[in-house]
Amino acid sequence: MLDCQKALFSLPEDITYLNGAYMSPQLRSVEEIGIENLKRKSQPHLIQQEDFFSDRRTLCERFATLINAADARSCVIIPSVSYGTATVAKNIPLERGDQILLVDEQFPSNVYAWQELAREHQAEVQLIQAPKGFEQRGLRWNENILHAITQKTKVVAMPHVHWADGTQFDLVKIGQLCRKVGAKLIIDGTQSVGALPFDVNQIQPDALICGGYKWLMGPYSLGLAYYGPHFDEGKPIEYNWMNRHQSENFSALTQYQDQYQPKAGRYSVGESSNFILVPMLLRALDQLLAWTPAKIQQYCGEIQQEAIPQLQALDCYIEENAYRAFHLFGVYLPEGAPIEILKDRFRESKIYLSYRGKAVRVSPGVYNTKQDLEQLVTIFKSVLA
């Protein structure tokens, strides 16, 4: 069991930050290494040729460890989820009438590329909406996804947990059915990987795409992706020099190469050596691996254990434990609840969280305490009781 790790962050003592799904606070150690590497370019003569490759290679190795991928060469550096999704969409052949299955109201970076691909090939986008009513909502949503996957389905693009309310999807079962019908499973792991265990061997996604500034606890504008065997011979969306064979040999760069780096190496974003952001994300992943996502999830569950039933006693709906994440959950208010008054109380009390769809989104981390959740409950009671 982890203890509270707030001392490792620079969060002010007078605020309650329950908004990791919006943006993670930055570890002091990540901030320090960012400042150190910001100064590095002031002395460019100290940046060696090997430095263009060493940290980016290590970063992919750490990500592979985090998601239990067998080969770090299947992992690449990306600038954003939209970039990673566009890469995937470029390498999935579709025919007229094929089906792309999406979870409704997921984050748009895992939607727009599929809508465009469907238009180009006259394919169909099917949205699997959340069930009406709250009884066994998570179970029924998962069942509806499984029932929607047919021989027509060529792509299932979805998150591990829903970004608005933390509903958790059974990716093992969904992946098994995708493989049975020949559909590609594309996962946006931005709101889960780092805080919730993700095992590539168990789930077997065709692609896993993660923004780095949320639960990977890294800087903005840098992310990571895993691309499975289907993409080993695909086409990138840009053609930068580092992704080619023998790019480490600077003296031979004008001996242009048709051959790419092995496996997913062709997909890393240009200038992925980023001498400031890469060391920052690398330091963040080192800390996550020390904590482990399993222990982070356990810690978040422990600190909210007493708060959840108190919120439910106020006629708020929160998904049952088996179908939600502990680091991100939605609180659905009873009909007619004065949401604007609630927002005002949160602001006055310096409690930071988000509002997504019809849910008050609460996303605690290892920097929170049981007392933070008690303070949250107190505000809810003051408005709803």
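Guide: We may begin with an open sheet of three strands, in the order β9-β12-β11 with antiparallel pairing. This is a predicted model, in which local features need pLDDT of at least 70, side-chain atom pairs count only at pLDDT 80 or more, and totals for chains, interfaces and linings use all residues. Residues are numbered from 1 along each chain as its sequence is written, and side-chain values use heavy atoms, without hydrogens and water.

Visitor: What makes β9 and β11 stand at the edges?

Guide: β9 (329–332) and β11 (354–356) each have a single partner strand, so one side of each lacks a neighbour in the sheet.

Visitor: How do you know that β11 and β12 pair?

Guide: Pairing requires that DSSP find at least two bridges between two strands. β11 and β12 (residues 359–362) have three bridges, in the antiparallel sense, and therefore count as paired. Ser354 stands opposite Arg361 in β12.

Visitor: Why are α2 and α8 called roughly parallel?

Guide: The axes of α2 (residues 51–67) and α8 (residues 277–291) cross at roughly 30° and come within 10 Å. Angles under 35 degrees count as roughly parallel (over 145 as roughly antiparallel, 65 to 115 as roughly perpendicular, the rest as oblique), and the two helices therefore receive that name.

Visitor: Which residues of α8 make the contact with α2?

Guide: With contact meaning heavy atoms within 4.5 Å, α8 contributes Val278, Pro279, Leu281, Leu282, Leu285, Asp286 and Leu289. Among the residues on the α2 side are Asp55, Arg56 and Phe63.

Key: Axes are lines fitted to C-alpha atoms, for helices over the stretch in contact, and angles run from 0 to 180 degrees between N-to-C directions. Helices (H or I, at least four residues) and strands (E, at least two) are DSSP runs, numbered from the N terminus.
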